[in-house]
Amino acid sequence: MGESDRGGSESRRRLSCLAVVVAVLALVAGGVLWLFQDELFHPFGDARACEGSDTMLPGVISAGGVPIPADASDIHYVTENGSAQVSFLSDQMPDYLHRTGIVPEGKSLFDKTFGVAYALGEGDGELPEGLCGPALKGPAWSYDSTGPGSNVSILVERSPVDNSAFPAPARVIASFHIR
């Protein structure tokens, strides 16, 4: 074998090793990105926060000073200029509406004194601008707090079969001022 053959085979071996090293590094970098994607691509590293949020909400979100239901799941929020909109699913809406003081204890959840039917747009449902996650689907019921300093609006899906009940779980959008 000649000197030039040995040099060519050695450079091919080096290129092969370099290709393997580059592939391994790319695989490791991709794995790290995948592992930390929530922290890298959500505001504040909070998977609940929607793009464009300017304030991080605490682990336990309170609307008007009342924590959202303990069973809340699929939580998403957007914050802007001191206001927040939070979307979540919950089976505990009657209790929550009573705890917030929006509907007094013992009163009907669908009494027009405390809330009104809310007409949703046609199509896939409604989601306020900037809020990410699943849309609220109709029919819905809208509540506005009347207590001093609370400034909370709650929009809750109603059962499509029974207009005097919530589905289990119900999609909720709570809008409030951040304190």
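Which residue in S6 does Gly115 stand opposite? In this predicted model, the residue opposite Gly115 is Tyr143 of S6. The legends below take up the surrounding strands, a loop and a pocket.

**View 1. Strands S5 and S6 run antiparallel.** Four bridges join S5 to S6. Gly115 and Tyr143, the latter in S6, face each other across the pair. Strand S5 covers residues 115-118, and strand S6 covers residues 140-144.

**View 2. Strand S6 is also joined to strand S7.** S7 spans residues 152-157 and runs antiparallel to S6, with five bridges between them. Trp141 stands opposite Val156, which belongs to S7. Of the five residues of S6, four are buried, so this strand is largely enclosed by the rest of the structure.

**View 3. Thr100 sits in the loop between helix H3 and strand S5.** A polar atom of the Thr100 side chain lies 3.3 Å from the backbone nitrogen of Ile102.

**View 4. The largest pocket has a volume of about 230 Å³.** Its lining consists of 15 residues, and those nearest the centre of the pocket are Val78, Glu80, Ser83, Ala84 and Gln85. Strands S3 (73-80), S4 (83-90) and S8 (170-177) each contribute at least two residues to the lining. By class, eight lining residues are polar, four are nonpolar and three are charged.

Notes. Residues are numbered from 1 along each chain as its sequence is written. This is a predicted model: local features need pLDDT of at least 70, side-chain atom pairs count only at pLDDT 80 or more; totals for chains, interfaces and linings use all residues. Side-chain values use heavy atoms; hydrogens and water are left out. A polar contact is a pair of N or O atoms within 3.5 Å; within protein, one must be able to donate a hydrogen and the other to accept it, and residues adjacent in sequence count only if both atoms are side-chain atoms. Buried means under 20% relative accessible area, exposed over 50%, partly exposed in between (1.4 Å probe, protein chains only). Two strands pair if DSSP finds at least two bridges between them. On a 1 Å grid over the protein atoms alone, a cavity is a set of points where a 1.4 Å probe fits but cannot get out, and a pocket is an open set with protein on both sides within 12 Å along at least five of seven lines; lining residues have an atom within 4 Å of a point. Grid points are joined across faces, edges and corners, and a volume is the space filled by probe spheres set on the points. Ala, Val, Leu, Ile, Met, Phe, Trp, Tyr, Cys and Pro count as nonpolar, Asp, Glu, Lys and Arg as charged, and the others, Gly among them, as polar.
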